[in-house]
Amino acid sequence: LQSHVPDGMRGRVMGLWALAFGGGMPLGNLWMGALARQVGAARTFQVAGLVCLVAGFAVYQVFERRIQAAKTMRN
């Protein structure tokens, strides 16, 4: 990650990375625990899997658009 960002943005990018992975997991665990208490563990994992699929598809769409835009700019 550090080698792919400009030098002036490296600290900011790594700060966001640390926040997302260091702070996101405890919040996700809290959410998963609360949901599991309400609907059960199996249903919670189904919902989490669906959220991951939707997020993965959204990221794929964003990168696909960026790749197409880069190809258009090169031509």
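Predicted model: local features only at pLDDT ≥ 70, side-chain atom pairs only at ≥ 80, totals over all residues.

Reader: Which residues of H2 make the contact with H1?

Author: The crossing in which H1 passes H2 is right-handed. On the side of H1, the contact is made by Trp31, Met32, Leu35, Ala36 and Val39. On the side of H2, the residues asked for are Ala41, Arg43, Thr44, Phe45, Val47 and Ala48.

Reader: How many nonpolar residues does the contact of H1 with H2 have?

Author: Sorted by class, the contact of H1 with H2 includes 1 polar and 1 charged residue. The number of nonpolar residues in this contact is 9.

Reader: Is Thr44 buried or exposed?

Author: Thr44 is found in helix H2, and, leaving aside residues up to four places away in sequence, Thr44 touches Met32, Leu35, Ala36 and Val39. Its relative accessible area is 2%, and a residue under 20% counts as buried. Thr44 is therefore buried.

Reader: How far from a polar atom of the side chain of Thr44 does the backbone nitrogen of Ala36 lie?

Author: Ala36 is among the residues that Thr44 touches. Between the backbone nitrogen of Ala36 and a polar atom of the Thr44 side chain, the distance is 3.1 Å.

Reader: What relative accessible area does Phe63 have?

Author: Phe63 lies in helix H2, and its C-alpha atom is separated by 18 Å from that of Trp17, 46 residues apart along the chain. Phe63 counts as partly exposed, with a relative accessible area of 48%.

Reader: How far apart in space are Ala34 and Ala58?

Author: Ala34 has its place in helix H1 and, at 45% relative accessibility, counts as partly exposed. Ala34 and Ala58 are 24 residues apart in sequence, and from C-alpha to C-alpha their separation in space is 26 Å.

Terms used. Residues numbered from 1 in each chain as written. Heavy atoms only, no water. Left-handed = near helix turned anticlockwise from the far one by under 90°. Helix = DSSP H or I, 4+ residues; strand = E, 2+ residues; numbered from the N terminus. Contact = heavy atoms within 4.5 Å. Nonpolar A, V, L, I, M, F, W, Y, C, P; charged D, E, K, R; others polar. Buried < 20%, exposed > 50% of the residue type's maximum accessible area, 1.4 Å probe, protein only. Polar contact = N/O pair within 3.5 Å; in protein donor to acceptor, adjacent residues only side chain to side chain.
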